[in-house]
Amino acid sequence: MSTHAADHELSEEQSHAVAALVREELARRRISRQFLADQAKISISTLEKALSGRRPFTLATLIRLEEALGVKLRHAEPRPAAPVAAVPPPPPVGVAPADLGYYVRPAVSWIEGVYLTLRPSFGDRSAIYAYRTEVFWDDAASHLSFRESERVDAAFTQHGAISIPNQSGHIYLVTNTHGQYRLAIVGRPTIAGEMHGILTTLQAGPGSQLTPVAAPIVFVPMAAAGAAEFGRISAGHACHPRYRDYLRRTVEEPFARFLPIVGD
């Protein structure tokens, strides 16, 4: 492309239409103008002036914005007053989809890693169930995912997507298997990196019987967990007191509330 072509300025009408599309994408993806400018490799001043109408968009700037957003902005016409139903374009690489919170990978990289995962045993009230959970960025799906391992009941090993919406400030680990959901809601990590919260799932019973169950759950970074063992940790096990303290903290501190039934 020649320098002259790259410096070509859009008409005032075209620039207004492009600015409207860019502002809409910024709001829909919940990303800042600075982040977009960095991704498009243009100055924030150039972007601000073009969006405010103080300077027309150039073809070079338009192409960089299209590449950063992964959407077509050229030949844009002014939007009609009434909204037009359309399938939203896929988010650019490194940005999670809308139903998972539109987070960008650099903003959530702190959660990636391997965790010792603890919850009460559903079959033995005095025991604690321990296994591994790995949190990683799935490039193909463009979002954080998780997968479990080291489970005694390997047939029930879970994997799924992670939602981190800005509004709640919590982290959601979601398994959706043909419409059957399993959900863990945990708070942001403590200073030690632990994530405490609530697990809601189905408990397997006799035959094909499944019963809804909720329990405290905690994710402890393996680097901070010390010597860790997995499986059903009974009351006499050397790891039991330490694992029990992690779970007690989930219940006793304000990470999650487990409401009792009030008497008459």
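A residue is buried under 20% relative accessible area, exposed over 50%, and partly exposed in between, using a 1.4 Å probe and protein chains only. This is a predicted model, in which local features need pLDDT of at least 70, side-chain atom pairs count only at pLDDT 80 or more, and totals for chains, interfaces and linings use all residues. Residues are numbered from 1 along each chain as its sequence is written, and side-chain values use heavy atoms, with hydrogens and water left out.

View 1. Helices (H or I, at least four residues) and strands (E, at least two) are DSSP runs, numbered from the N terminus. The chain holds 264 residues, and 40% of them are buried. Contact means heavy atoms within 4.5 Å. Take the contacts with a separation of 6 or more: 50% come from residues 24 or more positions apart.

**View 2. His178 sits in the loop between strand 5 and strand 6.** The residue is exposed because its relative accessibility is 84%. Its phi is positive, about 55°, although His178 is not a glycine. Most residues other than glycine have a negative phi. The hairpin here has two residues between its strands.

**View 3. Strand 6 pairs with strand 5 and with strand 7.** Two strands pair if DSSP finds at least two bridges between them. Strand 5 (170-177) and strand 6 (180-187) run antiparallel, joined by eight bridges. Thr177 stands opposite Gln180 of strand 6. Four bridges join strand 6 to strand 7, again antiparallel. There, Ala184 faces Leu199 of strand 7.

**View 4. Glu150 lies in the loop between strand 3 (143-149) and strand 4.** Glu150 is not a glycine, yet its phi is positive, about 60°. Glu150 counts as partly exposed because its relative accessibility is 45%.

**View 5. Thr133 is a buried residue of strand 2 (residues 128-138).** Its relative accessible area is 1%, so Thr133 counts as buried. The side chain of Thr133 makes a polar contact with the side chain of Thr117, at 2.7 Å. A polar contact is a pair of N or O atoms within 3.5 Å; within protein, one must be able to donate a hydrogen and the other to accept it, and residues adjacent in sequence count only if both atoms are side-chain atoms. Leaving aside neighbours within four places in sequence, the contacts of Thr133 include Val114, Tyr115, Phe146 and Phe219.

**View 6. Helix 5 (residues 59-69) is largely enclosed by the rest of the structure.** Among the buried ones are Leu59, Leu62, Ile63, Glu66 and Leu69. Just after helix 5, Gly70 takes a positive phi of about 70°.

**View 7. The largest pocket holds about 610 Å³ of space.** Of its 27 lining residues, the closest to the centre are Arg151, Phe156, Gln158, Thr201 and Leu202. On a 1 Å grid over the protein atoms alone, a pocket is an open set of points where a 1.4 Å probe fits, with protein on both sides within 12 Å along at least five of seven lines; lining residues have an atom within 4 Å of a point. Grid points are joined across faces, edges and corners, and the volume is the space filled by probe spheres set on the points. Strand 7 gives the largest share of the lining, five residues.
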